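Please look over the sequence and the model shown below.

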Amino acid sequence: GLNLVSTGIIVAFVGPEASGKSTLVAETSRWLRQVFAVHVVRPGKPPPSLLTSIPTLFVPVLRKALPAHRTTAAQPESITDPAARRSVGFWLHRLRCLSLAYDRWLLLRKANRWRAGGGIVVSDRYPVAQLGSVDGPELFELSVDGALARGLVRGERWFYNQLPSPD
């Protein structure tokens, strides 16, 4: 397909679950591919990078070995409980959030290069830097003890703040 003459665009379809985003992405990209170079990205579930792929391989093993420490059980209110902050689940959740932010940042950095080269990027969902938003940062600063825990929060925030904006 053709590239746009100067810079391309990033078109993001956002909305609640089961609202037809994937269908719109598929149909829009199929339509645009008739003429233009189109790249489809899915930052809601980005592909693991080299750095995060190895730990990701261990997720099924960890889920089986530590069922009580699922990262989905690490709710924000558990941050205020000192015992919860020392749990395996707390740290796995924080590492998973940072890994996800990193993988989204890598994917969207690549998408931004495609855009800069005149390509059209169609995105199924798009993360934002606002805490608590769908596909956004999940880690709360509050009064988290320890430099490592605070560093993970700051690292996650940094990746989301560096994301290119969709057009």
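Helix H5 covers residues 88–116, and its 29 residues should span 42 Å at 1.5 Å a residue; the end C-alpha atoms are 42 Å apart, so the two values agree. The expected span is 1.5 Å times one less than the number of residues. Helices (H or I, at least four residues) and strands (E, at least two) are DSSP runs, numbered from the N terminus. Just after H5, Gly 118 has a positive phi of about 95°.

This is a predicted model, in which local features need pLDDT of at least 70, side-chain atom pairs count only at pLDDT 80 or more, and totals for chains, interfaces and linings use all residues. Residues are numbered from 1 along each chain as its sequence is written, and side-chain values use heavy atoms, leaving out hydrogens and water.

An open sheet is formed by 3 strands in the order S1-S3-S2, with parallel pairing. Two strands pair if DSSP finds at least two bridges between them. S1 and S3 pair over 5 bridges, and Ile 10 has Val 121 in S3 as its bridge partner.

Angles run from 0 to 180 degrees between N-to-C directions, with axes fitted to C-alpha atoms, for helices over the stretch in contact.

| Helix | Strand | Angle |
|---|---|---|
| H1 (residues 21–32) | S3 | about 165° |
| H5 | S2 | about 165° |

The axes of H5 and H6 (residues 147–161) come within 8 Å and cross at roughly 25°. That makes the two helices, H5 and H6, roughly parallel, a term for angles under 35 degrees.

Technical notes. Contact means heavy atoms within 4.5 Å. Angles under 35 degrees count as roughly parallel, over 145 as roughly antiparallel, 65 to 115 as roughly perpendicular and the rest as oblique.
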